[in-house]
Structure formats: C-alpha cells, structure tokens
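Subject: Handing over the structure

Hi there,

Here is the structure I promised to pass on, together with some notes on what turned up in it.

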Amino acid sequence: MDHQKILILDFGGQYNQLIARRVREQQVYCEVKPYDLPLEEIRRFDPIGIIFTGGPNSVYAAGSPHPDPGVFALGLPILGICYGCQLLAQELGGLVTAAQADSAREYGKTLTFFDPSCKLFRGLPEQSVTWMSHGDYLAKVPEGFSLCARSEACPTVGICDESRGFYGVQFHPEVNHTQYGSQMLRNFLYAVCGAAGGWTMAGYKQEAIENVRARVGGGKVLLALSGGVDSSVAAALLAEAVGSQLTCVFVDHGLMRKNEGDEVEAAFAPWDIHFVRVNAQDRFLGRLAGVTEPEQKRHIIGEEFIRVFEAEAKKIGQVDFLVQGTIYPDVIESGKGDAAVIKSHHNVGGLPEHVDFKEIIEPLRMLFKDEVRALGRELGLPEYLVSRQPFPGPGLGIRIIGEVTEEKLALLREADAIFRQEVARAGFPMDQYFAALTNMRSVGVMGDGRSYDYAVALRGVLTSDFMTADWARIPYELLDRVSSRIVNEVRGVNRVLYDITSKPPATVEFE
Ligand code: XMP
C-alpha cells in the first residue's frame, strides 16, 4: 500500500502494540517488526521514521537484542523509548550502566522537566508527569546529543541530536499515565518525520476493497461467519468488494445469546451476498448430551463446527478463496513461543481440512481491534455488532457448568440478557460481562413455597488484553437490580452470585 509508514522495531517491551496504536491514532500508518529486521528489508519497507520500543533487557548485557547497525546511517529519524533510548545512546557512543543509587532507578509516575525548544516537546508545558520503568541509567550522553528532559532523580531522561533527527526518552510516551505522551509522539511524527497524516479508516476501506477486487477477480469466496466483530467486519468488507461472489456460512450452534442469530442475519440483509444460516442446535446438543468435562465440551463444539461448515462448503463446490478474520495482534504475537494450554481456544474460522480452496484472504491482518470496529462502522454495520464484547467460539456451551441442555440454555439466555440490558442502561463500563449458569441448585423460598433451583453467577471484568483481568466493582444498586430481575423473571433460578476473582488465578470464562 502506498502511504507514509513508520517502522516500529520490537525489542520485546510490554507496550509495543500500544505504541503502534498511538501512532495510528495520529493518522500515520505503522507496522511492528522484529528488532533484527535486516537492513535490506528496512529499506524496502521505506519508512519515514523508526521507533525503537522498550524491552526487558539491559543493553550492555551479553546477548541483548540489537538492530542492524546500518539503521543509524539511513538518514531516517529515530525515536528510542526506554530500552530503545538506551540502545540509541550506547550504539552512538554513550554509556549505559545499571543505576547505582536506587534514586536513579525510576518506576511509575514521575515529575519530568522538558526543554520546550526540542521539537519533541514543542508546544508542551515545561513540566509534566511521565511514566517511567527503568533500572538502567544513561551515564554518558553520546557525542552530538544534548539533554532535553530530566527528572529530580535522573538528569538524562531525554536526549536528542536534532541535526540527525535522533531522540531518546527513558519514559513511555505511549501509556496514558504520561500526561502529554500522545502529543510527543505526534511531534515526532509530524515535526520530526514530516508525516502528512490522513491515514484513516475511510481511506483504508477504499484501499482494502480495491485490493480484494484485484486479488479475487471473478473467483468464488467463502467465509465462516460467527457473528463476532472480526468475522462480521471481514464479511462486510468482502460483501462490499465482491458481494455476488461471496458465500457466508453462519453456523448457529444453538449456543448463542438471546436473539443473536437473528441479529446477525439481519445485519447482513442489506448486502447482495449468498448468506447461508445453518440451524444446527440439535446436532450440537445431541453430541453434547451427557458430556460434562470442559475440555471435552470445547473439543466437541470446535470439531462439530468444522464438520458443519465443511458440509455446507461441499454444497458450494470448489471455492477459490477462504476468508479468515485474523487481526494484527495475532500477527504480531504469532511465533513468540507457546504458553501452556490453559484452554483449547476455538475460533470460528479455524482451517477446515476438507474444504477445497486455493488461497486464504485475511483482510483485517494489519488492523488492531479498535480499527476493525472503526472499519465496521465505515462499512455500515450496526453498532450492536461492531461494539460487541468478545464472545467465545464455543458460546454458552462453556458458560454452563456441567452438561449443556436446552432447558439450561433457555435459563441462561434470559438471565444473561437481563444482565446485559441493565449494564447497558446504567452505562457501567466493563470489557466483558456475562451470566453463567452454575451446576448448583439450592433451596430458596418463593411466596410460601420451597424452591430448589439453579444459581446464576454474574461475571464482569476489566482488562486491556484478556491475559490478565480484574473483577469489576459493579455498584451494589446495579447488582441489586440485576439480581431481583433475574430471580423474578427467570423461572428456575432462585439465587444470583457475583464472581469476585481476578485472572489469574481464575479465568474470564468458567470453563
Ligand atoms: P479466558 O477464559 O481464557 O478468556 O480467561 C479470555 C478471553 O478469551 C475468550 N475466549 C475465547 N474466545 N474462542 C474464542 O474465540 C474460545 O474458545 C475462547 N475461550 C475464551 C473469553 O471470552 C475472553 O474474552
């Protein structure tokens, strides 16, 4: 694609994707690449500037990651953040050491003083709070560089050589705790790299549509639609680009939330595509009958999904392209070593073995989640689909502890719908929230009689990456409303519990 690009070299820091999102928020396109990207490929990528990310290493330690040294001679501006700053300094003749005094080691919010004549800090207050996280110290500034930021503990918080466009900061401008971080990044992009801006989702949409048309030609395209944000946006994009050649197969496994199947179908009505909805509830429930072990349930649902999808695909015959809703964080993360399998995740769009296709199209491959949502809005998808919270591929199947039955599904759908309605009405912000059906029944009193019914558990979490999550402090009044409505309106439930465990040690889902 033909627009200005920033290259982000990844040295393994925890905020690397955040840097990329912040750059794109400034309407400048960027990509994250491994730190050891060969010089040739850097040239081919043709960036207008480079950012070195932070990282967990010490630049002076043996085996610490270093970029191709030729990167400094490309004539391109470079911004080094934290580890990236230390790297820049060391590679150009400075000296980095472990901070001797504890006071030179900085973690957390730090009052920082800036030189506003430096382009990076132009137009910003002379002092503000930054977010630091470094144990190493820049003991000697390289030749040609001057100091442009300091804190009370550390005189070398920021360095620059404006003639070469080299800047280094010890703090993290990409995190929200750094008061003017976005403006500093903006200054780097616009004042230093000369970015013109203008990279927007409206522009991306047009480009992506043209690319798909050029690639697909008159070919047949197949897409597994789950109703989640990614597959929905991918479907809308393909529908816009090559509608009449597109078949979307939506497998309704009967484990969806209340009204979800109909909503997904309605959302795609405006496009002239071949939309196949397979109502496969009986098939899934049949296979799940008597099964209680979580991994086995996941396995059955995942496998059955692929089988149903394959059966539909066979009816269409040979297709040329299979669409996958892969998004950029998956691309960046892939190949970083496998963590222990806590749960075998099932994603709709996992590759079926028995479908004949020539190529895979991943139209969202370069987009972050918030960009995928923005693209969905550009494409005219309804807000309830675009802003949908994550919903696991195995659906309510893993939110019902123990055996999944039609009766339990009906209970859970109602309870979950009430919870979601009340949260939306209260406007209480959470990253994911839902009801789960415990396998526990307990005694209650309803009117003058005894009841022996199910307990519903509510779950609400705050998280940025879903790897860790904190339980949401939902106001008591809201919990109270949800609880009374559930026990009054959902027959078969006489108790409501709220899950107050974080992840770890719990997970977000119950199974
Ligand atoms: P856990 O339960 O692992 O969930 O803490 C983390 C996030 O992942 C979602 N999740 C899934 N998403 N297929 C998916 O597409 C799955 O099999 C799956 N299992 C969990 C979960 O909803 C949460 O957002």
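In which loop does Cys 82 lie? Cys 82 sits in the loop between strand E4 (78-81) and helix H3 (83-91); helices (H or I, at least four residues) and strands (E, at least two) are DSSP runs, numbered from the N terminus.

Before going further, a word on what you are looking at. This is a predicted model, in which local features need pLDDT of at least 70 and side-chain atom pairs count only at pLDDT 80 or more, while totals for chains, interfaces and linings use all residues. Residues are numbered from 1 along each chain as its sequence is written, and side-chain values use heavy atoms, with hydrogens and water left out.

Most residues other than glycine have a negative phi, and most peptide bonds are trans. Cys 82 has a positive phi, near 55°, and is a residue other than glycine. At 6% relative accessibility, Cys 82 counts as buried (buried means under 20% relative accessible area, exposed over 50%, partly exposed in between, with a 1.4 Å probe and protein chains only).

Gln 27 is not a glycine either, yet its phi is positive at about 65°. You will find Gln 27 in the loop between helix H1 (16-25) and strand E2 (29-34), and with a relative accessible area of 35% it is partly exposed.

Two cis peptide bonds are worth a look as well. One runs from Lys 503 to Pro 504, with omega near -15°. The other joins Pro 504 and Pro 505, and here omega is about 10°. Pro 504 is in the segment after strand E20 (493-498), and Pro 505 is also placed in the segment after E20.

**Helix H1**

The buried residues are Asn 16, Gln 17, Ile 19, Ala 20, Arg 22, Val 23 and Arg 24.

**Domains**

The domain assignment of the protein chain gives domain 1 (5-192), domain 2 (201-386) and domain 3 (399-498); such bounds come from an automatic or database domain assignment. Taken over C-alpha atoms, the centres of domain 1 and domain 2 are 39 Å apart. Eight residues of domain 1 are in contact with 10 residues of domain 2, where contact means heavy atoms within 4.5 Å.

How much area is buried between domain 1 and domain 2? The figure is about 820 Å², and carbon and sulfur atoms give 48% of it. Buried area here is the accessible area (1.4 Å probe) that two parts lose on being put together, summed over both. On the domain 1 side, Gln 17, Arg 21 and Arg 24 lose the most area to domain 2, together 60% of what that side buries.

**Helices H5 and H11**

Helix H5 (residues 201-216) and helix H11 (residues 369-378) have axes that come within 9 Å and cross at roughly 75°. Axes are lines fitted to C-alpha atoms, for helices over the stretch in contact, and angles run from 0 to 180 degrees between N-to-C directions. H5 is therefore roughly perpendicular to H11 (angles under 35 degrees count as roughly parallel, over 145 as roughly antiparallel, 65 to 115 as roughly perpendicular and the rest as oblique).

From H5, Met 201, Ala 202, Tyr 204 and Lys 205 meet Glu 371, Ala 374, Leu 375 and Glu 378 of H11. By class, this contact of H5 with H11 has five nonpolar, no polar and three charged residues. Ala, Val, Leu, Ile, Met, Phe, Trp, Tyr, Cys and Pro count as nonpolar, Asp, Glu, Lys and Arg as charged, and the others, Gly among them, as polar.

**Two buried residues**

Val 404 is in the loop between helix H12 (383-386) and helix H13 (406-426) and is buried, with a relative accessible area of 3%. Leaving aside neighbours within four places in sequence, Val 404 is in contact with several residues, including Leu 255, Leu 285, Leu 288 and Val 291.

Asp 416 belongs to helix H13 and counts as buried at 0% relative accessibility. Not counting residues up to four places away in sequence, Asp 416 touches Arg 257, Phe 434 and Ala 435.

Best wishes
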